[in-house]
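Keep the viewer open as you read, and take the points in order.

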Amino acid sequence: MEKDKEKMTLTNRQGHPISDNQNIRTIGNRGPSTLENYHFIEKISHFDRERIPERVVHARGAGAHGYFEAYGKAGGEPIAKYTRAKLFQEAGKRTPVFVRFSTVVHGGHSPETFRDPRGFAAKFYTEDGNWDLVGNNLKIFFIRDPLKFPDMVHAFRPDPVTNLQNPERFFDFVSNSPEATHMVTFLYSPWGIPANYRQMQGSGVNTYKWVNQAGEAVLVKYHWEPLKQGIKNLTQKEADAIQAKTTSHATQDLYEAIERGDYPEWELCVQIMSDDEHPELDFDPLDPTKLWDHEQFPFLPVGKMVLDRNPENYFAEVEQAAFGTGVLVDGLDFSDDKLLQGRTFSYSDTQRYRVGTNYLQLPINAPKTHVATNQRDGQMAYMVDRAPGQNPHVNYEPSSLGGLKEATPPGKEHQPTYNDKLVREKISRPNDFTQAGETYRKFEDWERDELIYNLVNALKICKPVIQQTMIDHFTKADPDYGRRVAEGLAQAKVDSDHLGSDSLRDGADLAQRSGQRTD
Ligand code: HEM
């Protein structure tokens with residue numbers, strides 16, 4: 001009893017019991033305070049440092065724990081044919097996971113109803129160390145070269161002078177980046193506002209490689225398909241109605257579903273291509289602005305993920321979680337997708353700044369397996385990650401004095417060979433518009449109506465040169481697409497000349513249902 005009481009006693013971080021947490025020390029009842037108030041100074045100065053920098057993108061997020069269960073097969077074949085990654089091999093094998101969902105552009109408390117891609121980042125705590133699959137809900141991206149990423153994010157953010165969100169800056173950038181046409185087509189359709197985090201797909205977007213025991217590689221794309229909860233997207237009006245009541249509906253939805261035992265589930269599917277340039281395709285398989293056709297490259301289910309536990313502390317587990325595309329395990333590899341390679345530098349770079357040098361020692365980021373390095377010290381070093389039998393004096397390798405040893409290679413290394421000029425060049429099959437047109441034609445009628453409505457609404461405030469370039473891009477994708485946007489903008493101009501600038505939004509007659517799709 002006495003022991004339990006002790007456990008509940010408030011202390012400071014030095015372990016000193018705190019007997020007065022209400023009053024600072026002052027000279028006399030009304031006098032000035034003194035500087036040796038250790039408890040007060042520790043408490044307030046810790047509070048002063050409670051926030052770390054937000055993520056530079058994807059600042060608004062929610063997370064949950066769960067597990068991934070492997071099927072052991074891909075398309076009826078034993079998965080070992082394609083990859084030796086241990087987490088996939090045995091049917092029924094479970095690997096713990098932590099997933100963080102997010103919106104992209106705005107700050108940590110921005111509304112979750114914004115038209116924006118959604119992040120879908122999964123950390124697999126495998127027996128071979130961590131694997132992060134850092135994806136989005138949409139299966140493609142705006143750009144294909146990482147050099148453009150900071151400009152893209154600046155253009156999508158509020159104006160640096162007024163701090164106001166201005167669609168003209170967004171469309172200025174994308175009209176000068178024709179490769180974005182396909183992504184803009186998804187983003188301005190209902191697929192740009194998933195109903196919540198549970199009822200959306202996920203995708204690795206970039207092309208990766210799988211490597212088997214013989215060191216042979218295939219190209220692979222990853223996709224998360226929601227199982228029982230299905231897919232649901234919102235019209236702009238539906239999103240506006242939610243936003244009038246709450247800015248956190250998606251976080252709340254995920255948390256409450258897990259609390260009531262309604263665990264969301266996704267199936268992990270892969271698309272596989274042989275590891276070459278595929279000259280028969282009208283695009284480069286390494287181009288992240290492109291979908292791989294379902295018929296030609298079917299979705300092969302390889303396992304399912306269940307999220308069944310909410311974090312106990314948002315800051316420790318969600319805010320400090322650090323995912324990166326460089327975090328792969330044996331049997332999984334990079335491709336030469338340039339965007340992927342640029343991303344891979346950026347994630348751990350920002351995390352050393354955002355969370356700190358020793359961010360990988362935090363429980364949410366640390367692997368749940370053997371970790372033994374000779375990395376030492378640095379800000380907030382939490383412990384020495386050495387092996388139990390390691391000579392503590394030997395923090396280097398190689399050594400004959402009881403230091404760490406290199407591991408045995410797990411299989412034949414995949415060794416792509418290169419013999420080419422060093423260049424700065426666009427890829428040779430950019431084909432910026434064909435798939436945007438295909439996507440436009442595949443939409444259901446209400447999705448196309450909503451796309452045109454949203455585009456016109458945003459583009460109507462843009463300069464004519466931007467409007468015209470966007471119409472040209474949409475026309476190249478599909479003449480009907482370009483025509484409808486052009487007509488909508490012409491009508492918006494007539495309305496604003498005669499009736500005031502918000503007339504199109506107020507008068508639009510659009511379908512109000514949201515879609516359930518499984519493809
Ligand atoms: C977060 C960079 C493209 C998905 C981030 C962060 C950076 C970044 C710096 C913040 C990370 C942190 O603070 O922990 C980049 C760069 C890109 C790129 C340089 C292109 C060159 C993409 C693409 C996707 C994506 C194509 C989707 C496939 C995400 C997700 C997060 C994120 C989901 C949030 C991870 C989390 O929940 O902590 N990105 N990104 N990014 N990025 Fe990217």
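Predicted model: local features only at pLDDT ≥ 70, side-chain atom pairs only at ≥ 80, totals over all residues.

1. From H12, the residues Gln-467, Met-470, Ile-471, Phe-474, Thr-475 and Ala-477 take part. Their partners in H13 are Pro-479, Tyr-481, Gly-482, Val-485, Ala-486 and Leu-489. By type, the residues of this contact comprise nine nonpolar and three polar, with no charged ones.

2. Now look at how the two helices are arranged. H12 covers residues 464-477 and H13 covers residues 479-499; their axes come within 5 Å and cross at roughly 150°. Because angles over 145 degrees count as roughly antiparallel, H12 is roughly antiparallel to H13.

3. Which residues touch the most other members of the largest nonpolar core? They are Val-99, Val-270 and Val-302, in a core of 56 residues. Leaving out residues up to four places away in sequence, Val-270 touches Ala-74, Val-220, Lys-221, Tyr-222, Leu-300 and Val-302. There is also a second, separate core of 39 residues, with Ile-140, Phe-170, Val-184 and Phe-433 among them.

4. You will find Pro-111 in the loop between strand E4 (94-103) and strand E5 (118-126). With 17 other C-beta atoms within 10 Å, Pro-111 is partly exposed. Beyond its neighbours within four places in sequence, Pro-111 is in contact with Gln-243 and Thr-247.

5. Finally, the annotation: an unreviewed UniProt entry places the feature "domain: Catalase core" at residues 11-405. Over residues 11-405 the chain is 19% helix and 20% strand, and the end C-alpha atoms lie 42 Å apart.

Definitions and conventions:
Residues numbered from 1 in each chain as written. Axes fitted to C-alpha atoms, helices over the stretch in contact; angles between N-to-C directions. Helix = DSSP H or I, 4+ residues; strand = E, 2+ residues; numbered from the N terminus. Parallel < 35°, antiparallel > 145°, perpendicular 65-115°, else oblique. Contact = placed C-beta atoms within 7 Å. Nonpolar A, V, L, I, M, F, W, Y, C, P; charged D, E, K, R; others polar. Core = buried A, V, L, I, M, F, W, Y, C linked by C-beta atoms within 7 Å. Buried ≥ 20, exposed ≤ 12 C-beta atoms within 10 Å, placed from the backbone. UniProt positions renumbered as here; feature names shortened; annotations may be inferred.
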